[in-house]
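Please open the structure in your viewer and keep the selection tool at hand. The stops below take up side-chain pairs and then a helix packing.

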Amino acid sequence: MRQITDIKELRDIQMGIMDDVHRFCEEQGLRYSLSSGTLIGAVRHQGYIPWDDDIDIYMMRNDYERFLKTYHDEQGRYKVLNPKKEAHYYYTFAKVVDQRTRMVEKETEGYEIGVYIDVFPVDYLTDDMKKRERIFRLKKLLYKIRRCKISQSNPLHSRLAYLCYRQLPVSVGMLNRWIDRLIVRHKPTGTLCHMTEAGPITTKGSFPAADMKKMMDVKFEDRTYKMMIGYDDYLRRNYGDYMKLPPEDQRTTHHFEAYWKD
């Protein structure tokens, strides 16, 4: 295997994946939006944040589920990893991977994964703050238990908690079903949130449903992708003054380790 050491080469692979996801979504009428740091990069830098090395996108739950069931590329290079169907898959959200490559990550030890982009479902969230707090506490606990069931290394601060969670007589499949029942709401509310991680707490990560009512074009490097119409509101709620560069000591990459298989 040849190691990928140049961040530009890694980004080219990621953007190849993103190009195909964009193509498929456009053909199938699926809505998506660049999100998180990728969206900041698009708005502030018209591409990647200079020190960033990944791509994140959001999809509304219905579009996300359709995408998982139907996505395919024409040349067989890319594959969507569905958390409900991939045995020993660490993450609770989907990734689209380039099958010609291999990524080495602590979290995926024992499970081979390629260079990828992250695809996060966005769910409706109760507008009642007290109910929301209860959901977030239970969600965080279920995700902790799930991580301990899958990971061979301790993902927690406490070794005792890790061992206790691993011994609980529940399967990963059961945990996935409990999480789904907790976070998936098909009846619209006024609030959206990416719910497939242990955080956020109460308000961070949530934003008005109106922000994703429509999608619009945005320049990213030399491509054109999609972003939510309420991008400014979403980014300000979650990142504050996102147009201001962070201090230099906070401009860090994920220190990737990636290879071409052939």
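Buried means under 20% relative accessible area, exposed means over 50%, and partly exposed lies in between, with a 1.4 Å probe and protein chains only. This is a predicted model, in which local features need pLDDT of at least 70 and side-chain atom pairs count only at pLDDT 80 or more, while totals for chains, interfaces and linings use all residues. Residues are numbered from 1 along each chain as its sequence is written, and side-chain values use heavy atoms, with hydrogens and water left out.

Select Glu-65 first, which at 22% relative accessibility counts as partly exposed, and then Arg-61, which is buried at 6%. Their side chains meet in a salt bridge, 2.8 Å from N to O (a side-chain nitrogen of Lys or Arg within 4 Å of a carboxyl oxygen of Asp or Glu). Both residues lie in helix α3 (residues 61-70), four residues apart, about one turn of the helix; helices are DSSP runs of H or I with at least four residues, strands are runs of E with at least two, and both are numbered from the N terminus.

Next, select Lys-95 and Asp-118, whose closest N and O atoms are 2.5 Å apart in a salt bridge. This pair links distant parts of the chain, with Lys-95 in strand β5 (residues 94-98) and Asp-118 in strand β7 (residues 116-125), 23 residues apart. Lys-95 is buried at 1% relative accessibility, and Asp-118 is also buried, at 7%.
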